[in-house]
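Dear colleague,

I am handing over the structure that we spoke about, and below it you will find notes on what turned up in it. Please look through the structure first and then read on.

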Amino acid sequence: MKIPPVEIRSPQSVEQALSVLARLGSDARILAGGQSLLPMLRYRVINPYALVDISRLKELRSLQTEGGRLSLGALVTHRDIEQLPTQEGEPSAIDLLRRHAAEIAFRPIRNRGTVVGSLLHADPKGDWPLMFFALAAQVELRSLRGIRHLSLHELIAGPLQTKCAVDELAVSVTVSGERLSPLAWGRSKLVHRAGEYAMCSAIVLRYESGWECWVGALGDCPFMLKTASAMLGDAPGELPDMETKLREAAMQDLRMNVPELTAVEAYRHAQNVMDALCQAWPRQGAESEIQHG
Amino acid sequence: MVNGLDVPLACDDRDTLADVLRGQGAKSVHLGCEHGVCGACNVLIDGVCTRSCLVMARSCADSAVITLEGLKDDLAQRLRQAFTRNHALQCGYCTPGVFVAAYEILSAGKELDEQTVRTQMAGNICRCTGYQGIVDAILEVAAERTVGMDIQETAI
Amino acid sequence: MTQAPGQYKVIGTPLPRVEDQRHLNATARFVADIDCPGCREVAFLRSPVAFGRLQEIILPAWLDADSVWTAERIEPLAKPIQAGLLREEFNQAPLPLLARDRVRYVGELLAAVTADTRAEAEDLAESLQPDIEPFPPVMDAWDELSKPSTPLHEGLASNVVMRIGRTVGDPDCFTDAKLRTISRRFSMGRILASPLEGRGCVTCFDSKSGELVVYASHQRPHLLRSFLAEQLYGISESDIRVIVPDVGGGFGAKSNFYAEELILAAMTLATGKPHRWTEDRYEHFVGSNHSRQHEHEIKAYFDGSGRIHAIQAKVVVDSGAYSSKTSTGAIEANMATNVMLGPYDITNYKFEAISVFTNKTPVGPFRGVGRPAGCFAMERIMDEVAHELGMDPIELRLKNIIHTDQFPYTTATGLYYDSGDYGEALRKARAYADEHWLPLRHEGGRYREGIGYAIYVEQAAHGSVEWERRGSPLVYGHEAARATLSPDGSLTLDVGTLGHGQGHETSLAQVAAEITGLPVDAIRVRQGDTARAPYGMGSVASRSMVMAGGAVAAACRLIVDKAARISAAVLECEESSIKREDNAFVAPSGKRLDYAEVASIALVQLHRLPKHIEPGMSEEGLYRPKVETGTFSYGVHAVHVRVDILTGMVKIKGYVVVEDCGTVVNPLIVDGQVRGGVAQGIGQALYEELRYSSEGQPVSVTFGEYTVPSSMEVPRIEIIHMNTPSPFSEFGMKGMGEGGAVGPPAAIANAVSNALRPWGVSVDRVPIRPDDLLQETMDGGGLK
């Protein structure tokens with residue numbers, strides 16, 4: 001299982017990296033954290049001519065939280081997010097991000113693997129696509145031809161496929177201020193054996209504009225449970241009263257998006273959404289407080 | 001830099017850090033799976049516990065790498081003694097990777113309880129011990145209230 | 001009869017291991033670490049197809065023919081492997097080294113390639129194109145019996161490896177209408193040992209001695225040497241030296257004799273060049289022995305009081321494509337039926353053990369071998385009987401176990417149980433569970449808790465009678481150790497077993513220290529090198545403490561006797577008047593000699609040695625057990641589980657093992673063996689399964705898919721010790737290394753069944769899958 005023959009290019013700047021990409025195109029793959037890339041090389045799932053090593057480009061390490069936005073450079077690791085220093089008055093979703101990052105794989109993988117790299121890997125069972133779909137993030141792609149900003153919907157084309165062109169480098173992912181400040185959030189990830197990809201993964205967000213129940217780890221890419229989310233927006237009251245209807249609505253949404261789901265799988269995914277929802281549900285007499293899991 | 005010594009990085013582009021370290025004589029770096037799950041290849045890169053089987057050697061040209069061979073400070077010695085007292089190893093193949101991971105966790109200097117240790121050590125497979133000795137060894141050393149150490153400065 | 005506290009000085013102390021230092025100081029050396037200048041690195045081309053005709057292997061034109069080895073090139077150098085049992089029911093077929101015209105499992109060896117580095121060798125292997133015409137593979141052993149397909153092996157009439165069966169006791173039980181019956185169909189998934197270090201070997205010539213030297217990660221050095229000599233043309237055993245360095249776990253997967261080691265030896269013989277192969281993780285999944293995969297039909301015959309009158313068992317094992325040497329494809333089924341009755345006084349037993357060829361990797365031993373399956377069948381059916389009768393599961397067991405006054409007890413299958421107190425073990429387990437786990441909490445209806453038990457008896461250190469009975473062509477039954485005292489008073493023990501994590505260098509030194517009075521740090525235990533160790537059987541079947549311990553004891557006694565004789569002669573007194581004080585021999589006059597002085601006299605102070613005493617201080621001790629059906633340790637596992645009804649997930653909240661392995665030499669090591677075994681058993685119960693597609697492709701070939709338990713899946717494991725020494729072994733020791741892995745599937749399945757009884761759930765399969773449990777609770781009406 002050794003790495004197949006491959007050349008390494010070590011550009012000294014982002015501009016140089018873009019030049020290399022422009023020349024090599026689909027013969028090259030970006031090497032950032034390498035935690036998803038190297039296993040694919042070892043199992044000969046891919047066999048590129050060259051790796052463009054961006055892992056030492058300091059300008060890609062930026063992590064900005066000012067101006068009410070969160071902007072992560074291409075080399076920000078899962079661990080950087082897990083360990084984001086607490087700041088007074090930080091947006092409510094920062095803690096959601098910390099928790100999300102802390103549950104990815106294992107610590108040594110988190111130490112090296114990058115958020116953007118993982119996102120561009122676009123594994124349907126991966127963690128970051130779900131998060132950034134839910135937070136309506138934008139990804140910045142750069143090439144010698146210019147700069148593009150894509151939403152997750154525009155970026156992810158299918159399992160392990162993105163619309164990132166062969167000469168483009170994803171340099172950052174950004175979440176806007178409003179999306180970063182939900183009134184409440186819940187996160188539930190069901191894993192059978194530690195560090196595995198999720199059996200079920202759900203994020204629930206509550207904004208002024210309504211509730212959003214997002215599901216990942218199934219189908220081609222994460223999606224929102226439209227009926228279930230709408231039902232939450234309409235009806236106030238106690239969760240247990242709504243539970244049966246919500247669960248049915250969730251299972252309906254799930255089946256519509258992923259028709260091949262078995263009854264057991266649909267049930268479990270719906271239950272996982274309920275578990276996330278419980279964390280975000282307003283507690284008695286604490287309606288205005290930001291609630292999170 | 002490997003274990004405190006400047007070493008020329010003589011390797012092929014395709015070589016991983018694990019292969020190069022082993023080629024240089026750091027035989028404690030073990031290959032258990034070569035796809036990042038078992039942790040037997042853990043090393044410290046610039047103080048951070050990393051899978052050396054999932055890092056290309058060329059990416060480490062400017063880095064300071066420490067393997068089990070280079071962990072000799074007071075914390076490392078106390079951890080060794082705790083491993084022996086608690087029967088934290090049997091065949092020894094996972095041990096270097098377990099040790100490096102444990103060292104990183106302990107170096108942070110935070111208080112640790114059993115659940116946290118088990119969570120943080122889930123990235124190391126041990127097929128022999130059932131983990132209890134490893135967990136107990138780490139908890140023992142943590143209880144000695146180590147002050148967090150600057151890992152880079154302790155490279156010898 | 002329990003071990004008196006303070007009965008021994010060194011035996012029984014939890015000494016930290018001497019092995020630890022080299023692993024913690026990074027001076028341990030495994031096969032991949034052996035320095036071998038000019039070594040050719042080997043990679044294998046393995047079959048991508050489960051079953052088919054190998055037409056040819058197309059080599060690219062640019063490839064140096066010297067670097068490729070196919071069946072044709074190996075054939076004149078070494079013979080195909082023949083593994084079988086000397087029983088007429090056994091259907092033998094050869095195991096080719098490199099496939100000739102048939103491939104029979106994904107992963108089967110097709111060709112070997114050499115290069116300067118492993119990476120380059122893999123590149124070359126990638127460039128070879130095997131042209132295989134695929135046939136439909138045989139993938140289901142149970143179905144194969146009722147709907148047989150084409151035999152995998154020409155020359156055999158079917159795909160049955162072996163089919164044996166017997167009725168013991170009163171056959172009328174099985175038709176007695178007054179008895180109640182319960183039948184169950186049980187399944188245990190295919191798993192494999194997965195030691196963290198794969199297999200591997202380095203083969204080279206020692207130009208000085210002319211020996212072929214083979215470094216191998218292997219559990220049986222001398223037997224490997226004999227095997228290589230037998231299989232290779234033109235070399236005698238005396239010209240082969242096997243050296244086993246540090247081994248990164250084995251658990252049985254490194255005990256058989258595979259083709260790779262033989263092929264590398266042949267390559268070195270033919271070229272004169274050293275070769276190395278290390279098994280990577282993918283190769284281990286497809287190329288090292290698989291284990292378990294049982295299908296059972298079990299029927300219990302009982303009366304209203306809970307007395308089990310008879311057991312009927314049909315055991316079908318998926319043996320894979322070939323019989324491995326020496327275990328053969330029949331090992332699982334034969335052993336499971338042999339040990340199934342466990343600790344119970346059941347004399348009426350009808351069994352059938354059927355092993356079936358399929359197009360999967362061949363099976364071999366993995367910690368416990370057939371015992372976990374035998375235990376699963378028996379302990380699950382006991383719980384079902386208890387449930388049927390509304391009886392407490394422990395009470396039912398107490399009603400059926402062999403009582404202390406029945407020892408030694410011969411089971412229906414001829415096992416001679418030496419000693420034990422099964423009732424006490426059950427009571428202790430129950431008392432622990434009652435104290436720590438009751439009352440069971442069923443949180444909000446969503447989480448259901450349950451408790452499950454399993455009791456087993458572990459046959460270990462069996463000798464010649466047992467191997468002969470099994471039909472093994474190689475009949476093992478002894479162990480040897482050489483004790484050599486040096487003039488500085490230090491003692492070296494050369495042993496024929498092969499510790500690979502079990503701490504023999506420490507525990508055997510403790511045995512030697514106990515007998516000689518030398519301090520442990522003056523004793524060195526050496527193993528693994530056929531040039532120094534006397535012919536031994538390696539470490540399998542939990543034999544080492546009993547066998548090597550016995551041999552070390554014998555050798556040390558010879559040393560002590562000789563030292564006493566020399567002392568008596570030199571100190572001019574009667575031998576019977578010599579007193580022992582630690583490591584010294586004291587005469588009534590008060591004059592004394594220590595071991596260093598005695599050794600000096602015997603080796604380099606010959607003028608002081610009386611003529612009637614032979615010079616030298618090196619003695620070989622042999623151990624052959626008086627009772628050769630083995631020692632029988634036993635244990636009770638109790639598990640506390642919590643099941644999430646709404647997701648099907650199982651969490652182990654508590655685990656206790658009550659175990660009795662007779663006299664314990666090193667409690668630290670014994671506890672480690674229990675916990676390590678339990679962790680593997682938990683893997684089999686909840687997390688591990690080697691899955692194949694219907695086309696014969698192994699699906700789980702990464703640690704991402706084949707999930708061995710981590711520190712989060714294995715709980716703290718409490719251990720309660722009992723000591724009923726074996727009356728038949730040295731110091732009363734019993735082998736115990738495998739027991740930890742025997743109990744968990746049964747205990748955990750019983751616990752989950754207990755938790756989910758309100759839904760009518762009976763867990764009849766491992767690994768227990770969340771999907772299956774969720775399906776059951778959904779079908780059974782959800783939250784209650």
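I begin with one pair of residues: the side chains of E34(B) and K2(A) meet in a salt bridge, with 3.0 Å from N to O. A salt bridge here is a side-chain nitrogen of Lys or Arg within 4 Å of a carboxyl oxygen of Asp or Glu, and between chain B and chain A the count is 5 salt bridges.

Before going further, please note that this is a predicted model, in which local features need pLDDT of at least 70 and side-chain atom pairs count only at pLDDT 80 or more, while totals for chains, interfaces and linings use all residues. Residues are numbered from 1 along each chain as its sequence is written, chains are lettered from A and ligands numbered from 1 in the order in which they are written, and side-chain values use heavy atoms, with hydrogens and water left out.

The contact (heavy atoms within 4.5 Å) takes 31 residues from chain B and 31 residues from chain A. The area buried between these two chains is about 2,600 Å², and carbon and sulfur atoms give 52% of it; buried area is the accessible area (1.4 Å probe) that two parts lose on being put together, summed over both. In chain B, the residues that lose the most area to chain A are R14(B), E34(B) and L54(B), which together make up 25% of what that side buries.

Which elements of chain B each supply at least two residues of the side that touches chain A? They are strand 1 (42-45), strand 2 (48-51) and helix 3 (95-107), where helices (H or I, at least four residues) and strands (E, at least two) are DSSP runs, numbered from the N terminus. The largest share, 4 residues, comes from strand 2 of chain B.

Chain C has some backbone features to look at. Most residues other than glycine have a negative phi, and most peptide bonds are trans. A cis peptide bond, with omega about 0 degrees, joins L438(C) and P439(C), and P439(C) lies in the loop between helix 11 (422-437) and strand 18 (447-460). Another cis peptide bond joins V766(C) and P767(C), again with omega about 0 degrees.

A26(C), which is not a glycine, has a positive phi of about 65 degrees, and at 9% relative accessibility A26(C) counts as buried, a word used for residues under 20% relative accessible area (1.4 Å probe, protein chains only), with exposed over 50% and partly exposed in between.

With best wishes
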